[in-house]
Amino acid sequence: MPEKQTCRVEQLRAALDHSFDGVWIYDEKQRVIYVNETAAKYNNTQVDAVLGRTWSELQAQGTFKGSAASVAFQKKRPSTQELLSNTGRRILCTATPIFDSTGKVCLVVTNVRDFTELFELTETLHEKNTLIRKYRQQIENLRQQITLPLVAKNQEMKKLVETAVHIANTDVSVLLLGESGVGKNELARLIHRHSSRRDREMIIANCGAIPATLLEAEFFGHERGAFTGANSARPGLFEMAEGSTLMLDEIGELELSMQVKLLRVLQEKRVRRLGGRKEIAVDVRIVAATNRDLQAMVREGTFRADLFYRLNRVPMLIPPLRERPTDLGQLIALLLNRYNQNYKRHTMLATDTLHALETYSWPGNIRELDNLMERLVLLTHGDIITLDQLPRYIQNEREPKDEGLPAEQSLRLAVEQTERRILAAARRKFGNTRDMAAHLGCSHVTIARKLRLYGLS
């Protein structure tokens with residue numbers, strides 16, 4: 001070999017010897033012809049002890065467990081594997097075949113990097129994120145308990161509460177129906193509090209808030225390595241709700257493919273994690289809720305009939321707030337008192353203000369009332385909440401309707417009133433922004449923005 005070429009080979013060997021990554025090079029007979037100190041250190045061996053050995057011999061004597069090089073030789077393509085070294089380190093191996101002019105594998109070069117700390121950090125981060133999701137769920141549960149009080153002076157609501165308490169101690173599935181914001185979550189909590197499962201936390205799964213690609217993993221859990229980023233096993237919502245109540249909120253938003261899997265779990269009372277082989281028995285009481293017309297969706301083919309009948313054992317239709325005038329006054333008083341205490345205020349409602357609130361139609365139901373009461377307590381400068389502090393759409397709704405030109409009303413306000421009524425009606429009919437947007441001929445982003453603007457979200 002010429003002196004200049006020999007010098008370059010030595011320089012290349014010196015560079016590989018000082019590489020942060022481990023390097024193995026095998027010849028066409030799968031024998032080790034080069035290994036650097038870093039790679040030998042990963043496997044607790046010496047360079048001289050492995051030179052000339054085949055990868056199968058090294059594996060047999062326990063130098064390493066598994067080999068990406070074997071796959072590269074057999075399949076003649078690059079191979080990457082996560083392996084466990086005999087020192088307990090988690091290493092990532094990438095073996096790349098090199099071909100001669102005839103297309104035969106003449107060399108395989110394997111790069112090895114120690115990812116132990118990175119894997120441990122990733123798993124720790126995943127565990128922390130799981131805890132964060134759990135605590136967020138608990139905070140949401142507490143927030144909902146505080147936000148939407150369950151008031152039942154109305155005769156229809158009284159019957160619903162009596163029915164809820166009556167069936168609470170059974171495991172029968174319950175389907176809560178009604179417009180958004182009427183108090184479905186509160187009725188579900190009432191059922192749970194009066195059940196034999198009350199000592200365990202009720203789990204709420206918002207089917208409309210979980211991305212479709214994550215629904216199966218969220219519901220049923222996953223094993224380590226089930227998909228990219230699944231660096232540790234994690235139980236799903238069904239396992240988390242073991243011995244308790246699982247509320248499936250916005251059940252009408254589930255895609256058909258997920259409805260099939262959910263039905264199977266409800267029938268067999270067993271779940272299988274993503275990437276798992278064994279089935280896990282679960283003891284869970286199901287309370288589902290939706291603001292959509294599931295029977296119409298069954299007719300349209302967008303909701304499975306067998307799942308509907310499985311959930312619809314005890315249907316409970318919660319009336320909207322506009323049909324519960326006897327509940328409205330008590331709700332206003334409760335919310336006013338709550339926010340006065342929260343913000344250390346002493347506000348009261350003027351008589352005409354209270355009348356305007358009692359005669360308003362409340363398309364956003366209790367949630368809209370709750371948002372408004374908090375805002376009024378916060379923004380009122382004195383102790384009396386006067387009529388002019390209410391939003392114009394509430395003031396205008398109580399004014400006499402005239403088919404002619406409204407007195408002292410700008411075109412903008414008239415447009416806002418009409419727009420709000422249309423949005424409220426569309427929300428009652430469709431229940432989600434995408435269907436509303438398709439019906440009204442605009443984007444769902446515009447619909448969501450206007451719902452927030454008018455207090456309907």
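Modeller: Exposed here means over 50% relative accessible area, and buried means under 20%. The model is predicted.

Biologist: What makes Val-445, Arg-452 and Leu-453 one group in helix α20?

Modeller: These exposed residues sit on the face of α20 turned away from its buried side.

Biologist: Which residues of α20 are buried?

Modeller: Ile-447, Lys-450 and Leu-451, within a helix that spans residues 444-453. They cover an arc of only 105° around the axis, so they lie on the same side of α20.

Biologist: Why is the contact of Glu-186 and Arg-189 called a salt bridge?

Modeller: The cut-off is 4 Å between a side-chain nitrogen of Lys or Arg and a carboxyl oxygen of Asp or Glu. Glu-186 and Arg-189 have N to O at 3.4 Å, so the pair qualifies.

Biologist: How far apart are Glu-186 and Arg-189 along helix α8?

Modeller: They are 3 residues apart in α8 (residues 184-193), which means about one helical turn. In general, an α-helix has 3.6 residues a turn, so residues three or four places apart point the same way. Both Glu-186 and Arg-189 are buried.

Biologist: What does the salt bridge of Glu-239 and Arg-273 tie together?

Modeller: The closest N and O atoms of Glu-239 and Arg-273 are 2.9 Å apart. Glu-239 belongs to helix α10 (residues 237-240), and Arg-273 to the loop between β11 (270-271) and β12 (280-281), so the pair ties together parts that are 34 residues apart in sequence.

Biologist: Why is Glu-239 called buried?

Modeller: Its relative accessibility is 18%. The limit is under 20%, so Glu-239 counts as buried. Arg-273, at 15%, is buried by that rule too.

Biologist: How do you know whether Glu-279 and Arg-270 are buried or partly exposed?

Modeller: Glu-279 has 26%, so it is partly exposed. Arg-270 has 33%, so it is partly exposed as well. The two form a salt bridge, with the closest N and O atoms 3.4 Å apart. Salt bridges with shared partners join Arg-264, Glu-268, Arg-270, Arg-272 and Glu-279 into one network.

Biologist: Why are β1 and β2 called paired?

Modeller: Pairing takes at least two bridges. Strands β1 (residues 22-27) and β2 (residues 32-35) have 3, so they pair. They run antiparallel.

Methods
Residues numbered from 1 in each chain as written. Predicted model: local features only at pLDDT ≥ 70, side-chain atom pairs only at ≥ 80, totals over all residues. Heavy atoms only, no water. Buried < 20%, exposed > 50% of the residue type's maximum accessible area, 1.4 Å probe, protein only. Helix = DSSP H or I, 4+ residues; strand = E, 2+ residues; numbered from the N terminus. Arc of directions from axis to C-beta.
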